[in-house]
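Here are some friendly notes to read alongside the coordinates. Have the viewer open as you go through them.

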Amino acid sequence: MNNRIYIYIAIAVMAGVSYLIRVLPLTLIRGQIKSRFLRSFLYYVPYVTLAVMTFPAITEATGSPVSGFAALAVGIIAAWLDAGLFKVAVSCCAVVFILELFII
């Protein structure tokens, strides 16, 4: 029974912290942010966060980091050449499949 109480308290604390993280910026910052540095910093935060969460998964999701890095390179090149999301994903999967099947 003691373990069950701990779990409920942990869930309540996590919910409270998650709620505060979302509400505090709305209540503390009422006016428009005028600092160019802070505005540009806040503009790039979602992109950097997504990259930091995704990049290690790209290299570790395959059997070999070499195929992960090769797929990353192909994906960057395909995206740079204005390929759509589906074409980029298919080309990355094909690179990993070929490298894992034949080379590595």
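The points below cover a pocket and some aromatic rings.

1. Please keep in mind that this is a predicted model, and that the values below are computed from it.

2. Let's begin with the largest pocket, which holds about 180 Å³ of space. Its lining consists of Ile58, Ala61, Thr62, Gly68, Ala71, Leu72, Gly75, Ile76, Val88, Cys92, Cys93 and Val96.

3. Which helix gives the largest share of that lining? H3 does, with five residues. Helix H3 (65-80) and helix H4 (85-103) each contribute at least two residues to the lining.

4. Now to the rings: searching the whole structure turns up three aromatic pairs. One of them joins tyrosine 43 and tyrosine 47, a tilted pair with 5.9 Å centre to centre and 55° between the planes. Both tyrosines sit in helix H2 (residues 36-60), four residues apart, or about one turn of the helix. Tyr43, Tyr44 and Tyr47 make up one aromatic cluster.

5. Another pair to look at is phenylalanine 55 with phenylalanine 69. The ring centres are 6.2 Å apart and the planes meet at 55°, so this pair is tilted. Because phenylalanine 55 belongs to helix H2 and phenylalanine 69 to helix H3, the pair ties together parts that are 14 residues apart in sequence.

6. How accessible are these two phenylalanines? Phenylalanine 55 has 39% relative accessibility and so counts as partly exposed. Phenylalanine 69, at 42% relative accessibility, also counts as partly exposed.

Terms used
Residues are numbered from 1 along each chain as its sequence is written. This is a predicted model: local features need pLDDT of at least 70, side-chain atom pairs count only at pLDDT 80 or more; totals for chains, interfaces and linings use all residues. Side-chain values use heavy atoms; hydrogens and water are left out. On a 1 Å grid over the protein atoms alone, a cavity is a set of points where a 1.4 Å probe fits but cannot get out, and a pocket is an open set with protein on both sides within 12 Å along at least five of seven lines; lining residues have an atom within 4 Å of a point. Grid points are joined across faces, edges and corners, and a volume is the space filled by probe spheres set on the points. Rings of Phe, Tyr and Trp (its six-membered ring) pair if their centres lie within 6.5 Å; planes under 30 degrees apart count as stacked, over 60 as edge-to-face and the rest as tilted. Buried means under 20% relative accessible area, exposed over 50%, partly exposed in between (1.4 Å probe, protein chains only).
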